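Subject: Structure for your review

Dear colleague,

I am passing on the structure that follows, together with some notes on what turned up in it. Please read the notes with the coordinates open beside them.

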Protein chains: 2
Amino acid sequence: MKLSTKARYGLKLMCYLAKEEGKGPISLSTIATQIDSSDKYTEQILLALRKADLVKATRGANGGYFVENAKDISVGSILRTLEDDLVIVNCVGDNNSCPKIANCQTHVVWENLYKQMNSLLDSMSLESIIRK
Amino acid sequence: MKLSTKARYGLKLMCYLAKEEGKGPISLSTIATQIDSSDKYTEQILLALRKADLVKATRGANGGYFVENAKDISVGSILRTLEDDLVIVNCVGDNNSCPKIANCQTHVVWENLYKQMNSLLDSMSLESIIRK
DNA sequence: AATTAACCTAGTAAAATAGTAGGAATTAAA
DNA sequence: TTTAATTCCTACTATTTTACTAGGTTAATT
């Protein structure tokens, strides 16, 4: 159960963008260099984050990606968009459909774990972690 | 980031053995049937759990697997043996060797997550979850 | 018009997980 | 003392997921 590189690069990149907040769009290639990843892989991550509205982008010459209001962006929201909603087992979260939940002792474990992870990660804002 | 089937089957199986505590050894095939898995796959899981001393086994005819003191076995200890120590990223836990930790903002996130997961799972005993 | 840079989809390579197979060792019962 | 039951152990294979690459399209700026 390892966190994906997508999520790790993604959080790293968001920290970088948060630190540069207010300085205008930053190009993909600059971002990729900062986080030691390839342009193409970084692009995929940024695409997902933009679709989730966690980063903004402007196209064309001098375009790039940027973050607004880092203090309102939680680490949880970033990881959920890059990590399949942080659903650790299929029987937790929104579309859990296991018919045996009622008499399943293990379910309570996954449910607790899921809730704790989300609430911890939601309690950390991007701004709070870059200040340290 | 999904939990492995090994860990899921493993916890299920431990719940079953905990419920049967004191009734003597239970054969592999009985256990496999109970958790809807194959004998061979179940065997691998039991092997790992036995090596971690979480289940006991007796060999030969009428042999099998059993659990002692379910109240002293934590869910965390089970999952750690089946899930690569629950190390979500390489830079947490015992053999973290990343030289950049000192000036890495994301590390604090992984470290917190790692600690919370472990402490939650350690706080749940096998006995406590089968009672519900 | 040319250039720069994001957008988007599809494909491939690598790694991890899931599961199978089969023989060796041990114990109990016949 | 032989046979049957049962765990032990290692290696292998198939499947799925993750990681990463490629290349054309669209939009904005100069």
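Helices (H or I, at least four residues) and strands (E, at least two) are taken here as DSSP runs and numbered from the N terminus. Residues are numbered from 1 along each chain as its sequence is written, while chains are lettered from A and ligands numbered from 1 in the order in which they are written. Please bear in mind that this is a predicted model, in which local features need pLDDT of at least 70 and side-chain atom pairs count only at pLDDT 80 or more, whereas totals for chains, interfaces and linings use all residues.

Two backbone details come first. D84(B), which sits in the loop between helix 4 (75-82) and helix 5 (107-122) of chain B, has a phi near 50°, a positive value in a residue other than glycine. D53(A), placed in the loop between helix 3 and strand 1 (56-58) of chain A, likewise has a positive phi, near 70°, and is not a glycine. As to burial, a residue is called buried if 20 or more other C-beta atoms, placed from the backbone, lie within 10 Å of its own, exposed if 12 or fewer do, and partly exposed in between. D84(B) counts as partly exposed because it has 15 C-beta neighbours inside 10 Å, and D53(A) counts as exposed because it has 11.

Next, the contact between the chains: 27 residues of chain A are in contact with 27 residues of chain B, contact meaning that the C-beta atoms of two residues, placed from the backbone, lie within 7 Å. On the side of chain A that touches chain B, two or more residues come from each of helix 1 (5-19), helix 5 (107-122) and helix 6 (126-131) of chain A, and helix 5 of chain A gives the most, with 8 residues. That side divides into 17 nonpolar, 5 polar and 5 charged residues, where Ala, Val, Leu, Ile, Met, Phe, Trp, Tyr, Cys and Pro count as nonpolar, Asp, Glu, Lys and Arg as charged, and the others, Gly among them, as polar.

With best regards
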